[in-house]
Amino acid sequence: MKQKLKAALLVGAVLGLCVQTPVLAAQAKKAEQTTSKKSIKKAPVAAKSSLPAAKSAGKSGKTVASRPGKALAGNAGKAPTRKVAAAGKPSAKAVRQVMMDVDGDPRRLALYSASALVVDQSNGQALVEKQPDAVVPIASISKLMTAMVVLDAKLDLQEVIAIGDEDVDGLKGTRSRLPVGTTMTRETAMLLALMSSENRAAHALGRHYPGGMPAFVQAMNRKAQSLGMFHSRFEEPTGLSSNNVSTAHDLARMVAAAARYPEIRQYSTTAEAKVELNGRIRDFGNTNALVRSDNWEIGVSKTGYISEAGRCLVMQARVADRPVVIVLLDSVGKMTRVGDANRIKRWMESASLASVERRKV
């Protein structure tokens, strides 16, 4: 009897242990899940504590970058990747892509100006060409020639000249901030003509030339011939006439020549100026927004627009440590010429990076 009782107790203990084991396992699993949940709940606290530091770093970055950072915002998506790669060694894939872009057809730039030309001034090499010999209206790009003719004549820049009825635009009916009767020095008229593309100022410069407007136009065309601009013709000093025509190749010569005049370099790249006219201070700004960009080093600048010419832009600048002349003619969109200039700049900078990588290899 005792043996049977012992056997029954032993079987009961074994059965109890078998039942308890899954229960304990379940409890252990539950405890493990609870611990995991607690750790997950605590994780956001750590992330939250690091968030203010990240925010303050971002603010500091904006403050330090200031305008350059703002100017680079348009390259978001490309520039940050390239900067990170530059900290170490650029990946082979990135270099291959740059080399493909540079070594391939420059038309990959997808320039939206009808005529375009980029010339390296150090060796005369044409880096980009798109219909560079098309004879087209050049609008206010003409004012660079106007300034050169005035300076070549060594006229007194401090002499006071006046805006007359003859200076009012009778071709396009464009507006002006210079009412008839406004007086200014010849220097101020040149500044306003080059910086703000004031048509009345440019016309007044030609009208006050020795011999008047006919002599001035003749001097413009003689100057063009002397520069080798054999496909160019000028009819008046403002560019309002569609008969003022040239080619991208000819204009590259004209811009290079204009860059040799300190006055043209200064006036054409002035971002903004306060000018006293008729006893009032007036604010004038440059028609080329790129002269205000910290990303550009521009020596000569001139924009132009009439319906026949489209939107035009010429510049002498330093890009990727190379002096270049950029000519963009007949851009259809309002910002297309600026977009094309920035595309050319990025392309040249990529070419420079690829050249460095090839030398390393």
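This briefing describes strand pairing, helix packing and selected backbone angles in one structure. The model is predicted. Among its features is an open sheet of five strands, arranged in the order 2-1-11-10-9 with antiparallel pairing, and helix 8 (residues 248–258) lies across the five strands 1, 2, 9, 10 and 11. Elsewhere, helix 4 and helix 5 are roughly antiparallel to each other, and strand 7 and strand 8 form a hairpin.

- Strand 1 (residues 113–120) runs antiparallel to strand 11 and is joined to it by seven bridges, with Ser331 of strand 11 as the bridge partner of Ser113.
- Strand 10 and strand 11 (residues 322–331) pair in the antiparallel sense over eight bridges, and Val327 in strand 11 is the bridge partner of Val314.
- The hairpin formed by strand 10 and strand 11 has two residues between the strands, and Ala320 in this turn has a positive phi of about 50°.
- On its other pairing, strand 10 is joined by nine bridges to strand 9 (residues 297–306), the two strands running antiparallel; here Arg311 in strand 10 is the bridge partner of Tyr305, and the hairpin that joins strand 9 to strand 10 passes through three residues.
- Strand 10 (residues 310–319) is mostly covered, in that nine of its ten residues are buried.
- Helix 8 lies across strand 1, strand 2, strand 9, strand 10 and strand 11, and runs at about 135° to strand 11.

**The hairpin of strand 7 and strand 8**

- Strand 7 (residues 272–277) and strand 8 (residues 280–285) run antiparallel and are joined by six bridges, with Leu277 standing opposite Arg280 in strand 8.
- Two residues lie between these strands in the hairpin, and Asn278 belongs to the turn; although Asn278 is not a glycine, its phi is positive, at about 55°.
- Asn278 has a relative accessible area of 48% and is therefore classed as partly exposed, a class that lies between the cut-offs of 20% and 50%.

**Packing of helix 4 against helix 5**

- The axes of helix 4 (residues 142–152) and helix 5 (residues 186–195) come within 10 Å and cross at roughly 160°; because angles over 145 degrees count as roughly antiparallel, the two helices are described as roughly antiparallel to each other.
- Helix 4 passes helix 5 in a left-handed crossing, and the contact is made by Lys143, Leu144, Ala147, Val150 and Leu151 of helix 4 together with Arg186, Met190, Ala193 and Leu194 of helix 5.
- By residue class, the contact of helix 4 with helix 5 divides into seven nonpolar residues, no polar residues and two charged residues.

- Ala139 is found in the loop between strand 3 (136–137) and helix 4, and its phi is near 50°, a positive value in a residue other than glycine.

Terms used:
Residues are numbered from 1 along each chain as its sequence is written. This is a predicted model: local features need pLDDT of at least 70, side-chain atom pairs count only at pLDDT 80 or more; totals for chains, interfaces and linings use all residues. Side-chain values use heavy atoms; hydrogens and water are left out. Two strands pair if DSSP finds at least two bridges between them. Helices (H or I, at least four residues) and strands (E, at least two) are DSSP runs, numbered from the N terminus. Axes are lines fitted to C-alpha atoms, for helices over the stretch in contact, and angles run from 0 to 180 degrees between N-to-C directions. Angles under 35 degrees count as roughly parallel, over 145 as roughly antiparallel, 65 to 115 as roughly perpendicular and the rest as oblique. A crossing is left-handed if the near helix is turned anticlockwise from the far one by less than a right angle, and right-handed if clockwise. Contact means heavy atoms within 4.5 Å. Ala, Val, Leu, Ile, Met, Phe, Trp, Tyr, Cys and Pro count as nonpolar, Asp, Glu, Lys and Arg as charged, and the others, Gly among them, as polar. Buried means under 20% relative accessible area, exposed over 50%, partly exposed in between (1.4 Å probe, protein chains only).
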